[in-house]
Amino acid sequence: MSLILGIDLGTTNSLVGVVDSGFPILLADEEGQRLTPSAVNYAADGSIIVGAAALRKRALEPKRTVTSVKRLIGRRSGEGDWKPPYQLSEIGTTPLQVSAEILKRLKAIAERALEQTVSRAVITVPAYFNDAQRNATKQAGELAGLTVERIVSEPTAAALAYGLDKLSERQKIAVYDLGGGTFDISVLEMREGVFQVLSTAGDTQLGGDDIDRALAQHLCPAGADPVRFVEVAEVAKKRLSTEDSTRIDLPFYDGTNSLSVELSLAEFEKMMRPFIERTRGHCLRALNDAGVKADELDAVILVGGSTRIPLVRRYVAEIFGREPDISQNPDEAVALGAVIQAGILSGSLKNVLLLDVTPLSLGIETFGGLMNTIIPRNTTIPCKAGEMFTNAVANQQDMLIRVLQGERELAKDNWELGRVVVPFPAGAKGSARVGVQFAIDANGILQVLARDTATNTDTLLEIQNTAVDVDDERVEQMISESVEYAIEDMNERIWTEAKLKAEELLPAVDAALIQFGDAVSDEERLIIETAASHVRASLHADVHDAKALKAANQLLDDATQELAVRLVERAMEESLVRRGLL
Ligand code: AMP
């Protein structure tokens, strides 16, 4: 039986484990450590060091030591407001390659502990990771020599670690995961061993690192480099999880000056409170999206090293109106879940189905620049959905399909994941039939298939991470903006739809009046022309009044109703006459 590793590729720390004799275990390195810092040092001589040894070099070689690379993976450089203290381009590496170095190290730790080679793995990612980020993580695994059998969302993995031995009946739980660099909140439902993510929310730029940096800034005397204080800040932070006050000493931080101060828990809590408060909105949104009230939850699970902070625990208790469950080791729950999932896949644990959801809606742009959602957000994956589209103008020879991700009504407000041109034979308006299918696999990776049904030609779009042109930071913003702009967007959508209809209606009515003028009485003509002029007036008004345009369209529609019937009758008559039947 081929072993599959379970890997938690964390922002701060990573872990690796495997199911051994039916039990999930986490593997330790040669020093007995199970947590491997997600740090990679690129020495001047070209050698690469990973883990605790790399972290020790950070203070001396901040520009050569890569940490928190998870914040950069799957993103274009320079995006987001997080500025790393290093430049990957200067070092000559990429987020994907750095992640691969960490994964190689984890693979080596496992192979040493297991005394055999392993080449398969399950890797966890934050629930909020989009397609690009999941793909990049998968590629990093492959670069490290691992076949990535599955990408699993971290809260799902945590729930798995928590749930397998304890929950059996239908229960709802929330997973509050505050790690080093990311915050995730998920609401899950468990039914007899089946996990389903009902909703997810979070912030990919919030975690314990922010608290360390804020404290470093606080400790750093004017003129000194705050980077030198990050390490002592983190040590002090951890001590204040169990103590009321702590002494911070950093002798000769710049060769001459030394730091020695006493920091009280109260002072520290005041400083970090704003960071922790930022999680509240996400928690409320996740509950709302899941349609679950806080008091309907059976448990609130804490995951991530930063949930050891007493203020975080008090805050979670306040948000959810109940004490969180702290029975899990917050550093290991996700890794343990990954190991369990790996065990299930390799057949060494009994099968439990894992269901995940799409964090944001996926769709394509349609006429008038509108977003046409094909897979709504929070749809359980894997899933498949499709729709049929046609050509908007005559003699069109191809159709541009823009794949979009986001919650806004207008295409331009969502992100473009990719685009593909689908060719088809030119014909009249509305003659082409292009089926577009979206399929999301168990890893949350999207494949778009466009089929011209006339020729049965398929065009397949692979969403490669390099082709992704999205601002990752807007993942979290997207949902709050969609709520904020809902009314405006809706008005714009109704307007665009009414405008398209008016633009179709007016020339048709004009043409009919010219061609079949004799079939219309003067009175009827006046009514139709008045209705048409109302539509034109609304269409060209300075203010976009969607309701007025819609109403004017309706009046014109009604006014031409009888004419339309007569035109159809006449056309039929003419055709019968032509064919000598009348
Ligand atoms: P994770 O990403 O889950 O590995 O969490 C790492 C984060 O948890 C880092 O920011 C650590 O500083 C933080 N952390 C770990 N242990 C503690 C502790 N005892 N008290 C406060 N923060 C901690």
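Which ligand atom lies 2.6 Å from a polar side-chain atom of S241? A nitrogen atom of the ligand does.

## Basis of the model

This is a predicted model, in which local features need pLDDT of at least 70, side-chain atom pairs count only at pLDDT 80 or more, and totals for chains, interfaces and linings use all residues. Residues are numbered from 1 along each chain as its sequence is written, and side-chain values use heavy atoms, with hydrogens and water left out.

## Domains

The domain assignment, from an automatic or database source, gives four entries. They are domain 1 (1-162 + 331-349), domain 2 (208-274), domain 3 (352-474) and domain 4 (488-578). The centres of domain 1 and domain 3, taken over C-alpha atoms, are 32 Å apart.

## Around the ligand

The shell around the ligand has 15 residues. A residue belongs here if one of its heavy atoms lies within 4 Å of the molecule. G180, E234, K237, S241 and G305 come nearest. By class, the shell has 1 nonpolar, 9 polar and 5 charged residues. Asp, Glu, Lys and Arg count as charged; Ala, Val, Leu, Ile, Met, Phe, Trp, Tyr, Cys and Pro as nonpolar; the others, Gly among them, as polar.

A backbone N or O atom of G305 lies 3.0 Å from a ligand oxygen atom. Helix 6 and helix 7 (230-239) are the elements that give two or more residues to the shell. Helix 7 gives the largest share, 3 residues. Helices (H or I, at least four residues) and strands (E, at least two) are DSSP runs, numbered from the N terminus.

## Salt bridges

A salt bridge is a side-chain nitrogen of Lys or Arg within 4 Å of a carboxyl oxygen of Asp or Glu. The count comes to 31. One of them joins R71 and D210 at 3.5 Å, N to O. This pair links distant parts of the chain, 139 residues apart: R71 is in the loop between strand 7 (65-67) and helix 2 (88-91), and D210 is in helix 6 (residues 208-219). Both R71 and D210 are buried. Buried means under 20% relative accessible area, exposed over 50%, partly exposed in between (1.4 Å probe, protein chains only).

R402 pairs with E365, the closest N and O atoms being 2.3 Å apart. R402 is in strand 21 (residues 398-405) and E365 in strand 17 (residues 362-366). R402 is buried at 18%, whereas E365 is partly exposed at 25%. R419 and E416 meet at 2.8 Å, N to O. Shared partners join E365, R402, E416 and R419 into one network of salt bridges.

Conventions. Polar contact = N/O pair within 3.5 Å; in protein donor to acceptor, adjacent residues only side chain to side chain.
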